[in-house]
Amino acid sequence: MSLFQDIKNYTPLNEQEACDRELMLDFMIRNPDHLERGNRIAHFSASIWTVNKERTKTLMVYHNIYDSWSWIGGHADGDENLRAVALRELQEETGVKSARLLNPEIFSLEMLTVNGHMRRGLYVPSHLHMNVTYLAEADESEALIVNESENQAVKWFTFEDALKVSTEPWFVEWIYRKLIERCRS
């Protein structure tokens with residue numbers, strides 16, 4: 001199934017997801033380069049909410065650009081298989097190799113604002129990430145690595161602590177709380 005069809009078939013959890021879903025679908029129709037960073041207005045990214053077997057903890061990275069503890073993810077860079085993108089980002093950013101998707105379906109949708117920043121000596125203007133999130137399970141005892149080009153630390157947090165360590169209030173209120181609630185339901 002295509003990414004467009006996956007998003008179209010996704011049942012939004014709340015008003016935020018319903019609004020963001022419609023924006024994504026419209027943008028995809030109007031912008032054939034929606035999977036490429038070359039679209040400097042918006043492009044797709046994939047995130048992965050990674051939990052332990054007991055569903056009590058999540059794996060987070062201390063992100064260099066955002067200077068905050070955050071979930072794991074990255075750009076589609078032309079790849080429509082966002083499941084594979086999410087799993088690849090998990091391995092690249094944390095060293096976790098044994099994670100598995102708990103469900104092949106989309107776990108959540110969100111439009112994310114990205115402030116302008118420097119990346120490898122070049123200015124990246126403010127833009128949007130049309131983000132698709134998947135849910136994965138990983139073994140807490142697996143060795144973790146820090147990908148210094150992406151992050152400064154990798155650590156498991158209880159759900160409650162994950163909400164406390166992030167310094168991005170919008171993510172805490174609109175994304176991380178939603179993901180935790182979905183894990184508990």
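## A polar contact to start with

A polar contact is a pair of N or O atoms within 3.5 Å, where, within protein, one must be able to donate a hydrogen and the other to accept it. Keep that in mind as you look at His75, whose side chain makes a polar contact of 3.3 Å with the side chain of His43. The side chain of His75 also makes a polar contact with the side chain of Arg37, at 3.5 Å. Please remember that this is a predicted model.

Where in the chain is His75? His75 belongs to strand β4. Leaving aside neighbours within four places in sequence, His75 is in contact with Arg37, His43, Phe44, Ser45, Val85, Glu89 and His129. Asp6 is 69 residues away from His75 along the chain, and their C-alpha atoms are separated by 18 Å.

## The whole chain

Now step back and look at the overall fold. The protein chain has five helices and ten strands. Its C-alpha trace spans about 45 × 40 × 30 Å along the principal axes. A compact globule of 185 residues would have a radius of gyration near 16 Å, and the 15 Å of the protein chain agrees with that.

How much of the chain counts as buried? Of the 185 residues, 49% do. Contacts also reach across the sequence: among those between residues at least 6 apart, 70% join residues at least 24 apart.

In soluble globular proteins, nonpolar side chains tend to be buried together. Here, the largest nonpolar core has 32 residues, and the members that touch the most others are Leu3, Ile7, Phe44, Leu82 and Val132. Helices and strands both contribute to this core: α1, α2, β1, β2, α3, β6, β9 and β10 each supply at least two residues. Another core, of 20 residues, lies apart from it and includes Tyr62, Trp71, Tyr176 and Ile180.

Not counting residues up to four places away in sequence, Ile7 touches Arg21, Met24, Leu25, Met28, Phe44, Ile106, Leu109 and Val132.

## Helix α2 and its buried glutamine

Helix α2 has 16 residues, which should span 22 Å at 1.5 Å a residue; its end C-alpha atoms are 23 Å apart, in agreement. The buried residues of α2 are Gln16, Glu17, Asp20, Arg21, Met24, Leu25, Phe27 and Met28. Looking down the helix axis, these buried residues fall within an arc of 165 degrees, so they line one face of α2. Glu15, Ile29 and Arg30 are exposed on the other side of the helix. The cover over the buried residues of α2 includes α1, β1, β6, β9 and α5.

At the start of α2, a side-chain oxygen of Asn14 comes to within 3.2 Å of the backbone nitrogen of Gln16. Is Gln16 buried or exposed? Its relative accessible area is 8%, under the 20% cut-off, so Gln16 counts as buried. A polar atom of the Gln16 side chain lies 2.9 Å from the backbone oxygen of Leu109. The side chains of Gln16 and Lys178 are joined by a polar contact of 3.0 Å. Apart from residues up to four places away in sequence, Gln16 touches Leu109, Glu110, Trp174 and Lys178.

## Helix α3

Helix α3 has 13 residues and reaches 18 Å from its first C-alpha to its last, close to the 18 Å expected. Which of its residues are buried? They are Leu82, Val85, Ala86, Glu89, Leu90, Glu93 and Thr94. Seen down the axis of α3, these fall within an arc of 135 degrees, so they line one face of the helix.

The buried residues of α3 pack against α1, β1, β2, β4, β9 and β10. After α3 comes Gly95, with a positive phi near 85 degrees.

## Two loop residues with positive phi

Asp67 is not a glycine, yet its phi is positive, about 50 degrees. Asp67 sits in the loop between β2 and β3. With a relative accessible area of 45%, Asp67 is partly exposed.

Arg120, another residue other than glycine, has a positive phi near 55 degrees. The loop between β7 and β8 holds Arg120. Arg120 is exposed, with a relative accessible area of 68%.

Conventions
Residues numbered from 1 in each chain as written. Predicted model: local features only at pLDDT ≥ 70, side-chain atom pairs only at ≥ 80, totals over all residues. Heavy atoms only, no water. Core = buried A, V, L, I, M, F, W, Y, C linked by side-chain atoms within 4.5 Å. Buried < 20%, exposed > 50% of the residue type's maximum accessible area, 1.4 Å probe, protein only. Helix = DSSP H or I, 4+ residues; strand = E, 2+ residues; numbered from the N terminus. Contact = heavy atoms within 4.5 Å. Expected span 1.5 Å × (residues − 1). Arc of directions from axis to C-beta. Rg over C-alpha atoms; globule rule 2.2 N^0.38 Å.
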